[in-house]
Amino acid sequence: MKFGMRKPSLKKRVAARTSIKRQVVHRAGLKMPKGYGWVRNPKKAAYNKVYNKTTFDVFKLIKKLFK
């Protein structure tokens, strides 16, 4: 598990937004409401919860500084 600052990756950011899987799921209307990750995949949801609590995003940090 990672602690501290996350390294930004432009390549991964673009890939996540333009993936075929994402387009198919969104267009088919198969999205689950926010917070239903525990129902769909509890192991992944638990990992993501801990990861997001122990790391921070550089861009969000910069945004807070210049607000």
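How much space lies in the largest pocket, and which residues line it?

Modeller: The model is a predicted one. In it, the largest pocket holds about 850 Å³ of space. Its lining is made up of 19 residues. Those that lie nearest the centre of the pocket are Arg 22, Gly 37, Arg 40, Lys 44 and Asn 48. Of the elements, α2 provides the largest share, with four residues. Sorted by class, the lining of the pocket comprises seven nonpolar, six polar and six charged residues.

Two further parts of the chain may now be considered. Helix α1, which spans residues 10-18, contains Arg 13. This residue counts as partly exposed because its relative accessibility is 43%, a value between the limits of 20% and 50%. Between Arg 13 and Asn 41 there are 22 Å in space, C-alpha to C-alpha, and the two are 28 residues apart in sequence.

The surface also carries a nonpolar patch, formed by Met 5, Phe 56, Phe 59, Leu 61, Ile 62, Leu 65 and Phe 66. Together these residues have about 750 Å² of accessible area. Helix α5, residues 58-65, supplies the largest share of the patch, namely four residues. Leu 65 is found in helix α5, and Leu 65 counts as exposed because its relative accessibility is 63%, which is over 50%.

Note on methods
Residues are numbered from 1 along each chain as its sequence is written. This is a predicted model: local features need pLDDT of at least 70, side-chain atom pairs count only at pLDDT 80 or more; totals for chains, interfaces and linings use all residues. Side-chain values use heavy atoms; hydrogens and water are left out. On a 1 Å grid over the protein atoms alone, a cavity is a set of points where a 1.4 Å probe fits but cannot get out, and a pocket is an open set with protein on both sides within 12 Å along at least five of seven lines; lining residues have an atom within 4 Å of a point. Grid points are joined across faces, edges and corners, and a volume is the space filled by probe spheres set on the points. Helices (H or I, at least four residues) and strands (E, at least two) are DSSP runs, numbered from the N terminus. Ala, Val, Leu, Ile, Met, Phe, Trp, Tyr, Cys and Pro count as nonpolar, Asp, Glu, Lys and Arg as charged, and the others, Gly among them, as polar. Buried means under 20% relative accessible area, exposed over 50%, partly exposed in between (1.4 Å probe, protein chains only). Patches are made of residues with over 30% relative accessible area and no salt bridge: like charges are joined within 9 Å, nonpolar side chains (Val, Leu, Ile, Met, Phe, Trp, Tyr) within 5 Å. Accessible areas come from the Shrake-Rupley method with a 1.4 Å probe; for residues, only the protein chains shown count as cover. A salt bridge is a side-chain nitrogen of Lys or Arg within 4 Å of a carboxyl oxygen of Asp or Glu.
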